[in-house]
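Colleague: Hi! Could you walk me through this one?
Modeller: Happy to, here it comes.

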Amino acid sequence: MALKCVAVMGWPDSGRSIASGVVFNGVRNSNGEPRKIFVSLGRFSGPADNQKTGKSSTGNDVPGKLCRNLVSLPKPLTISVTPNDGTQVRISFKGSPGSFTEDAALKAYPNCETIPCDEFEEAFKAVELWLAEKAILPIENSSGGSIHHNYDLLLRHRLHIVGEVQFVANFCLLARPGIREEKLKCVLSHPQALASSDIVQTQLGVARENIDDTASAAQYVASNGLRDAGVVASARAAEIYGLNILADRIQDDPDNITRFLVLARDPIMPRTDKPFKTSIVFTLDEGPGVLTKALAVFALREINLTKIESRPQKMRALRVVDDSNTGRAKYFDYLFYIDFEASMADPRAQNALGHLQEFATFLRILGCYPMDTSL
Ligand SMILES: O=C(O)C(=O)C[C@]1(C(=O)O)C=C[C@@H](O)C=C1
């Protein structure tokens, strides 16, 4: 089912109303015919709004008018517009409370309600099922590189990227109260956190054990009363699970940055009054220089690329190419993910994508969103 954001505009003082909402495409009626459903996301009314809504000044329906007052209709899917500070925004994430991903959500939306999920896939589904307004997920790390599985999920699901969060994770070594460093035989954490704090673990001479996320590792050590196991996690995880901080800032690279993406059901309106980024994914035909040609559409318009990632096309891993010299050759088939520094409201970006569309075999805009310039 495809979702499309629409806005029906008018002037408040002209007696017309401003409404915005989502159109559900792909819904079928009982005869199997396609139909569209409009779900209101909120309405902005002018003084003469009663003319539009079909209400008399006494509040009764005016006979013969097409519209009934929307307020009196049942609103199972109506959502409210949420303020920027994150109040009432529900954000799903993979991990337990106290994980770095939750920290990143709280950085972007300080008053949000976070919804922990067991898997990334569940965090996506929480938004698709309207249990959350947004999802947040790590996409790349300055020391570990791309989180490939999440690139695949971006394509598999139809959510839109509406923001990015750059976050410096402060890794701490945690243990149960009373346990000293010398007592530790192993350290538990997320593989990325273990890899990013290798020097301290090597000094301690401990074994490493992978756990799904840093906060779950803290929870595990605390709830099982482990006395010879330490954890690499956040200071907030120490507080939540009642562990002590034995060492702070144990990351090998003090500027270890993780980039997170914020996803939502609807795209946001692209702007040009502040720096915006656009993320796309596309495929190309086989041939010499095709990728160079694709990248040139941005270079020609002086658009800076901030990221390029290639991923195999899972359902079409091999492409058979008829090569007259060597017979039939087989190549891997790739998806190219690109982030570039321009808003979709910028004609340069529109022209670049129009140009790319002329020869790309597939192109999807994953989102256009404000750049995180906080670091
Ligand atoms: O385990 C966590 O706390 C997470 O939020 C996940 C994650 C990651 O996936 O890289 C996020 C940031 C840190 O670099 C370590 C782990």
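Modeller: A word on terms: helices (H or I, at least four residues) and strands (E, at least two) are DSSP runs, numbered from the N terminus. This is a predicted model, where local features need pLDDT of at least 70, side-chain atom pairs count only at pLDDT 80 or more, and totals for chains, interfaces and linings use all residues. Residues are numbered from 1 along each chain as its sequence is written, and side-chain values use heavy atoms, with hydrogens and water left out.
Colleague: Thanks! Which strand does L261 lie in?
Modeller: L261 belongs to β14, residues 257–264.
Colleague: Is L261 buried or exposed?
Modeller: Buried, because its relative accessibility is 2%; buried means under 20% relative accessible area, exposed over 50%, partly exposed in between (1.4 Å probe, protein chains only).
Colleague: What does L261 touch?
Modeller: Leaving out residues up to four places away in sequence, its contacts (heavy atoms within 4.5 Å) include A135, I136, L137, L154 and Y369.
Colleague: Switching to the ligand, which residues surround it?
Modeller: Among them are S99, F100, T101, H190, D213 and T214; near means a heavy atom within 4 Å.
Colleague: Which elements each supply at least two residues of that shell?
Modeller: α2 (100–108) and β6 (134–141) do.
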